[in-house]
Amino acid sequence: MEHKEIISLLRESDPRRLDRLWDEADRVRRRHVGDQVHLRGLIEFSNHCRRMCGYCGLRAENTLLERYRMSEDEIVAAAVEADRLGYGTVVLQSGEDPGLDTQWMCNLITRIKRQTPLAVTLSLGERDEHELAAWRQAGADRYLLRFETSNRRLFDKIHPPQPGKTGDRLAVLRRLGSLGYEVGSGVMIGIPGQTFVDLAADIGLFAELDLDMIGVGPYIAHPRTPLGRTADDEIGDDQVPNSEQMTYKVMALARLLCPAANIPATTALATLNKVTGRELGLARGANAIMPNVTPTKYRRLYEIYPHKVCIQETAQACGACIRGRVESMGRTFGIGRGDSANYRRRQGSRGQSIEDRG
Ligand code: SF4
């Protein structure tokens, strides 16, 4: 698909043409990844972070936030619960936690792998190469790192680099692929200062990076962040709205450009539309959902953006809610790990994952 065509679809407002986009995304999803919806149990195990991302409530400067880091036993118990609830994957997510010890993380991954059949996905921010390699060696299967925007100026504005370093997430994503991880990335939609040209370039980059997983979500302003406190009207009509509809457009286009990727209907989307956000996401390209299995006492503290859904519910209640929503659409559940079809294709001749090699 041409860059110009992507821009035109992002700007589209005709309901009939949008219906055609949703239908096409749904058709491509069915043909390439089927009707199964993969459930990934999300454990937000630490809200410590050394970074200062302009939009994020976990940023180091937010001293009003109570910080926590779950113990190894608590995390393993949550993973066992995810397995008991029938999920095929556990996603270990944290801020870019400076207290995260490489070997501690290796031990945790090994323990989860010994005690459950789950695939392990990591989402721990920009980490050093030796850490990524060690965790892969310990058995981690997948890594999620959103590049957020391909516009370097905008990226630097919202992601100040660590002192003495220049962040290059695209290089990290390529390295993750060469380490054998299933690689996921994505963007934030409607960042103040993000143009339609920027967003179209981001979507083109999904295909260029040959991503196995694509997670996109709307920018939601957090009042305790620099971005959440500033006016967002610097570029007038070129500004991408951080709307629900724009999020569906990006998901649908991601499906068209990366037909075999796994694409979740995200919690941020459900935050914008609590009633049918996830269902509409699944009907417009998505094939995965990440029910939260973090112990409820920690959930409200993982506040990247405000008014998140699924803060009070137990893991069991979240699982039942999601299952009901998926079944009401006539979709089925993925059995087992739910590896990305794109990853399987990429790996094909290169052999199997560490786990499969035993
Ligand atoms: S987006 Fe991630 S790296 Fe940035 S401040 Fe938030 S938790 Fe930290």
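Colleague: How much space lies in the second largest pocket?

Modeller: Bear in mind that this is a predicted model, and that totals for linings use all residues. Rolling a probe the size of a water molecule over the atoms shows where empty space is left. For the second largest pocket, that space comes to about 160 Å³.

Colleague: Which helix gives the largest share of the lining of the second largest pocket?

Modeller: The residues lining the second largest pocket include Lys-274 and Arg-278, together with others such as Lys-308, Val-309, Cys-310, Cys-318, Cys-321 and Arg-325. By class, this lining divides into five nonpolar, one polar and five charged residues. The largest share, three residues, comes from the helix that spans residues 315-328, namely H14.

Colleague: And what is the volume of the largest pocket?

Modeller: Of the 17 residues that line the largest pocket, those closest to its centre are Glu-126, Arg-127, Asp-128, Asp-168 and Val-172. Its lining divides into four nonpolar, three polar and ten charged residues. The volume of the largest pocket is about 250 Å³.

Colleague: Which helix gives the most to the lining of the largest pocket?

Modeller: Two helices each supply at least two residues of this lining, H5 (129-138) and H7 (169-178). The helix that gives the most to the lining of the largest pocket, with three residues, is H7.

Colleague: How many charged residues are in the shell around the ligand?

Modeller: The ligand is surrounded by Cys-49, Arg-51, Cys-53, Tyr-55, Cys-56, Leu-58, Arg-59 and Gly-95. Tyr and Cys count as nonpolar, Gly as polar and Arg as charged. The shell therefore holds five nonpolar residues and one polar residue, while the number of charged residues is two.

Colleague: What is the handedness of the crossing where H3 passes H4?

Modeller: The axes of helix H3 (residues 72-84) and H4 come within 10 Å and cross at roughly 30 degrees. H3 and H4 are therefore roughly parallel to each other. H4 in turn passes H5 in a right-handed crossing, and the crossing in which H3 passes H4 is right-handed.

Colleague: How do H1 and H8 lie to each other, oblique or roughly parallel?

Modeller: Helix H1 (residues 3-11) and helix H8 (residues 196-208) have axes 9 Å apart and pack at an angle of about 120 degrees, in a crossing that is right-handed. Roughly perpendicular covers 65 to 115 degrees and roughly antiparallel needs an angle over 145. The orientation of H1 and H8 to each other is therefore oblique.

How values were computed: Residues numbered from 1 in each chain as written. Predicted model: local features only at pLDDT ≥ 70, side-chain atom pairs only at ≥ 80, totals over all residues. Heavy atoms only, no water. Near = heavy atom within 4 Å. 1 Å grid on protein atoms, 1.4 Å probe; cavity = no way out; pocket = protein on both sides within 12 Å on 5 of 7 lines; lining within 4 Å. Points joined across faces, edges and corners; volume = space filled by probe spheres on them. Helix = DSSP H or I, 4+ residues; strand = E, 2+ residues; numbered from the N terminus. Left-handed = near helix turned anticlockwise from the far one by under 90°. Axes fitted to C-alpha atoms, helices over the stretch in contact; angles between N-to-C directions. Parallel < 35°, antiparallel > 145°, perpendicular 65-115°, else oblique.
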